[in-house]
Number of protein chains: 2
Amino acid sequence: MTKSTAPATARRLLPDAPLLLAARGERPNRLPVWFMRQAGRSLPEYRELRADQPMLQACMTPELTCEITLQPVRRHGVDAAILFSDIMVPLHAAGVELDIVPGTGPVMERPIRSASDVMALPVLEPEALEPVAAAVRLLVAELGRTPLIGFAGAPFTLASYLVEGGPSRHHERTKALMHSAPDVWHALLDRLADLTLTFLGVQAAAGVDAVQLFDSWAGALSEREYRRFALPHSARVLAGLAGTGLPRIHFGVGTGELLGAMAQAGADVVGVDWRVPLDVAAQRVRAARPHGPVVLQGNLDPAVLLAGWPAIEAQARRVIDEGSAADAHVLNLGHGVLPETDPDMLTRVVELAHSR
Amino acid sequence: MTKSTAPATARRLLPDAPLLLAARGERPNRLPVWFMRQAGRSLPEYRELRADQPMLQACMTPELTCEITLQPVRRHGVDAAILFSDIMVPLHAAGVELDIVPGTGPVMERPIRSASDVMALPVLEPEALEPVAAAVRLLVAELGRTPLIGFAGAPFTLASYLVEGGPSRHHERTKALMHSAPDVWHALLDRLADLTLTFLGVQAAAGVDAVQLFDSWAGALSEREYRRFALPHSARVLAGLAGTGLPRIHFGVGTGELLGAMAQAGADVVGVDWRVPLDVAAQRVRAARPHGPVVLQGNLDPAVLLAGWPAIEAQARRVIDEGSAADAHVLNLGHGVLPETDPDMLTRVVELAHSR
């Protein structure tokens, strides 16, 4: 794939899917709901399947990826499946040596910190992602009328893992690189934008119905840094998908100060964590992008799911009420499902959303 | 100490100290500057002293506490010393069984999760803090005209450690407790406010010139949660110190959405992390508390200190410019000094601040 070619799409027509209607700013007849990390450790059937399967292997085994992705759709009746994957998958597929260490996260064999490190980064060929494409095709065949959301990490977040060599609390080497060697930084992010666009392009061509670009760590940046060092590269990824017509969801944690900038990066749907009420988030997105519908996704605190149903119900109703300030709302959490979550609580949130 | 007695203070008169002038909203003839965690792992002389001294022992050995506190004052010429301590010190002094594990942080022998756990929390007697008082007295004698800032963790942050049993990324058990059992939550925070007030009261009586209340984890809360579950208890601590006349600095990380509420909690100086520019922070604090001076502390990103002097200088000058939007500004970082920091960069930031 080259930068100038819009990815193809095998998109199905799902004219009544609440998620897809909401993503266009319309009000579907039922509030769409799904959960970040809905396919994961909160489900006993997931833990059983993953017992002896390393993460990256599970992401590159189509039947397993398909089954894990379907589990929460069957169990909770959510309005979308999200492709089971990991933000490291495209780097792994390109040949970057890394491991996902349980309890720690992704660990790089060799951190990327110089211009020559950047030049040596392998290019991702779409063929290397065939297992991902195969999983998407299996899912599209199985899912019926439930849309499938594709998945990728944003260039800044990938860069943080590559520069730090693993998960980081302070992102200090990442920030030191961007401030001390902006040319090296932008060359790195440019390559990662290509890689991300290839990853999402393969998913689009195989049939996903929407995409979510996760910029997990963007909230570590000030708005000034985000606009200078991260936004242009996320914007290129999101613009590169415009030709597919797929709704583009963009999310990060702790990004209250960045919501307007993330909307300007080209998101159709802006994901919001629990720190900013959705009515406030709607004002921020509308102020930053006055034309076009304001569509928000979020923002029930995943920790509240551990507080018992009365608290969960009260908070979910508040989120739904506040979400009505947007032109459309996709109910979700403000971050991923925590492993300790009782999955029945998720099912009840879906029922609550659908009863309104 | 009882709730109704204002702590005594052995405060020196330091009428020209830039930090103390700024804390009252006046513009001193030189910009005051100090660094959170200035006494710590960035200094080789600190690493040498701490080599075979566990953290809590170092905090309870007056001569060692004094020497560690003085090191950055000697080396950098900062405008304040901050008492070398740890937010766990008052819990440790009260007899709560805990350990500070290098590389991990504080780990509790028994987490606090029920009403009976709360009832069983020991009360902190001021006498148990005699080593801290002795360290303060030594410091006041050594410091000359440099003010000494006292130190405590805020009730919410202490509660998170107690409920989770250690450091936590998501604070899920803490939030589950506050939402599912608010009576237990408030009983716990009430006890922790007493403990914090005792800890700061002992420091005040021994002679500190200002206090900083760290609510390290407050940024994990939405403003609604902060106002309901954390602010009342921090406010009681800060109000309990009003009679001492000591300036009260209040700081948390990721608290952009909470700056107004934290000012309303009773802070004379609001600490700001790097995510929100100081001119924006000044607007937020002024809007929330229209009467009285707006005094801000911060907010150079500690990661920028690893990016080399040209980047550090540019960012420090920007922070100083933006700080002029407040009635007064105390230059500091937006979080603690990172261990990898070259201490010479800190010295140069002090020189830059003092050259203006």
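Reply: This is a predicted model. The residue to start from is Phe199(B), which is part of helix H10 of chain B, a helix covering residues 182-206. Is Phe199(B) buried or exposed? Phe199(B) counts as buried, because 28 other C-beta atoms lie within 10 Å, and 20 or more are enough for that label.

Some of its surroundings come from elsewhere in the chain. With neighbours within four places in sequence left aside, Phe199(B) is in contact with Pro90(B), Leu124(B), Leu129(B) and Ala152(B). Val89(B) is 110 residues away from Phe199(B) along the chain, yet 8.7 Å separates their C-alpha atoms.

Strand S4 of chain B spans residues 148-153 and runs parallel to strand S5 of chain B, residues 210-214, with five bridges joining the two. At Gly153(B), the residue standing opposite in S5(B) is Phe214(B).

These strands belong to an open sheet of seven strands in chain B, paired in parallel and ordered S1-S4-S5-S6-S7-S8-S9. Strand S1 (81-82) and strand S9 (328-333) of chain B are at the edges; each has a single partner strand, so one side of each has no neighbour in the sheet. Helix H14 of chain B, residues 309-323, lies across strand S8 (295-300) and S9 of chain B, at about 165° to S8(B).

Next comes the nonpolar core. The largest one has 252 residues, and those with the most contacts inside it are Ile149(A), Val208(A), Ile149(B) and Val208(B). Apart from neighbours within four places in sequence, Val208(B) is in contact with Leu83(B), Val136(B), Leu148(B), Ile149(B), Gly150(B), Gln203(B) and Leu246(B).

Further out is the other chain. Contacts between the two chains involve 23 residues of chain B and 23 residues of chain A. On the chain B side, helix H9 (residues 172-180) gives the most, with five residues. Sorted by class, that side of chain B holds nine nonpolar, eight polar and six charged residues.

In chain A, helix H11 (residues 223-240) bends by about 50° at Ala230(A), and Pro232(A), a proline, follows within four residues. Ala230(A) is buried, and other buried residues of H11(A) include Tyr226(A), Phe229(A), Leu231(A) and Val237(A). Among the elements of chain A covering the buried residues of H11(A) are helix H10 (182-206), strand S5 (210-214) and strand S6 (248-251).

How values were computed
Residues numbered from 1 in each chain as written. Chains lettered and ligands numbered in written order. Predicted model: local features only at pLDDT ≥ 70, side-chain atom pairs only at ≥ 80, totals over all residues. Core = buried A, V, L, I, M, F, W, Y, C linked by C-beta atoms within 7 Å. Buried ≥ 20, exposed ≤ 12 C-beta atoms within 10 Å, placed from the backbone. Contact = placed C-beta atoms within 7 Å. Nonpolar A, V, L, I, M, F, W, Y, C, P; charged D, E, K, R; others polar. Pairing = 2+ DSSP bridges. Axes fitted to C-alpha atoms, helices over the stretch in contact; angles between N-to-C directions. Bend = angle between axes of the 7 residues up to and from the residue.
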